[in-house]
Amino acid sequence: MSQPPQKKAFPLRLDPALYAAIERSASSELRSVNAQVECLLREALGRRGVKLAEPVRAKRGRPPKPKEDEA
């Protein structure tokens with residue numbers, strides 16, 4: 001099974017009011033704060049004309065059941 005590429009971790013200092021606004025926005029879109037920050041950064045870069053490859057999405061859900069002749 002292929003693994004998504006590792007993400008770069010780094011500390012980020014934010015104004016508490018900005019963090020709270022991002023947290024509310026993330027909650028309304030059912031995302032984590034981290035995912036929301038990444039989404040907002042991608043949108044901002046896109047508006048500035050910076051081209052980025054689509055992120056590799058993690059596979060979600062249950063794996064498919066094996067077929068009867070495979071079990």
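Buried residues make up 8% of the 71 residues in the protein chain. Here buried means under 20% relative accessible area, exposed means over 50%, and partly exposed lies in between (1.4 Å probe, protein chains only). The model is predicted: local features need pLDDT of at least 70, side-chain atom pairs count only at pLDDT 80 or more, and totals for chains, interfaces and linings use all residues. Residues are numbered from 1 along each chain as its sequence is written, and side-chain values use heavy atoms, with hydrogens and water left out.

**Helices**

The protein chain has 2 helices and 0 strands. Both kinds of element are DSSP runs, numbered from the N terminus: helices are H or I with at least four residues, strands are E with at least two. The axes of α1 and α2 come within 9 Å and cross at roughly 95 degrees. That makes α1 roughly perpendicular to α2. Axes are lines fitted to C-alpha atoms, for helices over the stretch in contact, and angles run from 0 to 180 degrees between N-to-C directions. Angles under 35 degrees count as roughly parallel, over 145 as roughly antiparallel, 65 to 115 as roughly perpendicular and the rest as oblique.

Which residues meet between the helices? From α1 come Tyr 19, Ile 22, Glu 23, Ser 25 and Ala 26, and from α2 come Val 33, Gln 36, Val 37 and Leu 40. Gln 36 sits in helix α2. Gln 36 is buried, because its relative accessible area is 1%. Beyond its neighbours within four places in sequence, Gln 36 is in contact (heavy atoms within 4.5 Å) with Ile 22, Ser 25, Ala 26, Glu 29 and Arg 31.

**Salt bridges**

A search of the whole structure finds 3 salt bridges. Each is a side-chain nitrogen of Lys or Arg within 4 Å of a carboxyl oxygen of Asp or Glu. Side chains of opposite charge can pair when their charged atoms come close.

| Salt bridge | N to O distance |
|---|---|
| Glu 38 and Lys 7 | 2.9 Å |
| Arg 31 and Glu 29 | 2.4 Å |
| Arg 42 and Glu 38 | 3.7 Å |

Glu 38 forms a salt bridge with Lys 7. The pair links distant parts of the chain, 31 residues apart: Glu 38 is in helix α2 (residues 33-47), and Lys 7 is in the segment before α1 (16-28). Lys 7 is exposed, at 59% relative accessible area. Glu 38 is partly exposed, at 24%.

Glu 38 also pairs with Arg 42. Arg 42 and Glu 38 both lie in helix α2, 4 residues apart, about one turn of the helix. Arg 42 is partly exposed, at 30%.

Arg 31 and Glu 29 form another salt bridge. Arg 31 is partly exposed at 34% relative accessibility, and Glu 29 is partly exposed at 42%.

**Surface**

The accessible surface of the protein chain comes to about 7,300 Å², of which 55% belongs to carbon and sulfur atoms. Accessible areas come from the Shrake-Rupley method with a 1.4 Å probe; for residues, only the protein chains shown count as cover. Phe 10, Leu 12, Leu 14, Leu 18 and Tyr 19 make a nonpolar surface patch of about 480 Å². Leu 12 is found in the segment before α1.

Conventions: Patch = residues over 30% accessible without salt bridge, like charges linked within 9 Å, V, L, I, M, F, W, Y side chains within 5 Å.
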